[in-house]
Amino acid sequence: MIPRLRWPALLSLFGTLAVASIASAQTVVELKLDGTIHTGTVSVLERALSEAKETKAEALLIEMDTPGGLLDATRDIVKLFLNTNVPIIVYVAPSGSHAGSAGTFITMAAHIAAMAPGTNIGAAHPISATGDDPEKSGGKHLARKVEEDTRAFIETIAKQRNRNVEWAKKAVLESSAIDETEALKLKVIDLIAKNKEDLLKQIDGRKVTLAEGTHTLKTNGAKIVPLNLDFYTKLKNWLANPTIMFLLILIAGMGLYIEMSHPGLILPAVTGGIAILLLMIATSVLPLSVLGVGLVILGFVLLLLELYVTSFGLLAVGGIISFVIGAVLLFDPAQTDLRVPRSIIVSASLAIGTIALLIGIALRGTFASRQTAGAEGLTGTQAVVDQALGPGRDGRIFVNGEYWTATSNEELNVGDKVEIIKTTGLLAHVKRTNA
């Protein structure tokens, strides 16, 4: 005999299954931010938040490793974080990663801030294009203005998310940087997690404040769904890197330089053209300084002029100096704290100088050699009289497999050896030689 199930038991069973089904269907959208923060990053984050909202994901998980980026883009990202109804989790990972400069603002603006073991955060002090303190390059007033604006920005974020305001100010004013252990101790972040699964388990049940109110996270065992980016977006994010952009400028300049010094090679021009196209894509998300780019171009122009103008190396030296200064000023300090590593600038300058020197030596050897083709190349050439000539009487000579009309101030007979003194049009002026 089959025992009868009572309605309360059935309802309890169905309720348990429904809860289990909902829990198993819980998802978290994942986005990896690896590299500089730029205008394209804002678009990607908007898309990620939209997808998380449409799929009713429990949260957006951002795994981040960044040296910094554009200040305007950072402000836009923080604005998104503070006004969204999607819980945002920023996880500085994997080990060895850091949330530098702009990354500090973004991490502190998240609803949940976490770090993996062996990571660090901070060093958000504003710098100039040369990498120096603004006070050294722009004076005390500029330094104070930039610092106060940035300090107020991060202080507002820290207060909004109940994080350590005093350390936040130190990160801006004193370039303070700390590891994950100290960040947790100082309440800069919420937790340390060894991996994403551990992170989702630890934050399960925590309450976060969204734009529409308080929300309790249900993330334990949630499925992590990576955000799929199209190829063009991935390409832009890869190109938006100070070192990559600098190398593209270098390839473009050297390609055109080699093609102009050795016309007809084709490959250098094609390579330079491709580099310019890629650079145009990169500048759509990470703007360059007009002054910096102009100085780099001037450097290549001066190196090219050195091949055709006798300056005893002055143009080449000026070109290298212009190139180095342009590389240092490649990014506008008013928009970003990014810059090309000085080791890359030095290495590139030495490489360009060496290549320019080798090309110059090769071309000067060509320019120095006496021309042997055409009328200009006949001067100083030995010839044989083929038809007698003399004062007031033109004749003919045989030289380099050709017959030329010739004239002379002395009588010359067939078979005499002569030397061409000069040419006037198609008339060769000759004199007797004993050679």
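Is lysine 159 buried or exposed? In this predicted model, lysine 159 is exposed, with a relative accessible area of 53%. The cut-off for exposed is over 50%.

Lysine 159 pairs with glutamate 155 in a salt bridge. The closest N and O atoms are 3.4 Å apart. Both residues belong to helix H6, and because they are 4 residues apart, about one helical turn separates them. Glutamate 155 is buried, at a relative accessible area of 14%.

Arginine 151 has 19% relative accessibility and counts as buried, because the limit for buried is under 20%. Glutamate 148, at 28%, counts as partly exposed. Glu148, Arg151, Glu155 and Lys159 are linked in a network of salt bridges.

The whole structure holds 13 salt bridges. One of them brings together the side chains of aspartate 416 and arginine 432, at 3.1 Å from N to O. Aspartate 416 sits in the loop between strand S14 (402-407) and strand S15 (417-424), and arginine 432 in strand S16 (residues 427-432), so the contact ties together parts that are 16 residues apart in sequence. Aspartate 416 counts as buried, with 18% relative accessibility. Arginine 432 is partly exposed, with a relative accessible area of 35%.

Aromatic contacts were examined next. The count comes to 4 aromatic pairs. In one of these, phenylalanine 300 and phenylalanine 323 have ring centres 5.6 Å apart and planes at 75 degrees. The pair is edge-to-face because that angle passes the cut-off of over 60 degrees. The two residues come from distant parts of the chain, 23 residues apart. Phenylalanine 300 lies in helix H13 (residues 290-305), and phenylalanine 323 in helix H14 (residues 314-328). Both phenylalanine 300 and phenylalanine 323 are buried. Ring pairs also bring in Phe246, which forms a cluster with Phe300 and Phe323.

Charged groups also meet aromatic rings. The charged end of arginine 75 sits over the ring of phenylalanine 153, at 4.3 Å from the ring centre. Arginine 396 has its charged end over the ring of tyrosine 403, and the distance to that ring centre is 4.9 Å.

Notes:
Residues numbered from 1 in each chain as written. Predicted model: local features only at pLDDT ≥ 70, side-chain atom pairs only at ≥ 80, totals over all residues. Heavy atoms only, no water. Phe/Tyr/Trp six-rings, centres within 6.5 Å; stacked < 30°, edge-to-face > 60°. Buried < 20%, exposed > 50% of the residue type's maximum accessible area, 1.4 Å probe, protein only. Lys NZ or Arg CZ within 6 Å of the ring centre and 35° of its normal. Salt bridge = Lys/Arg side-chain N within 4 Å of Asp/Glu carboxyl O.
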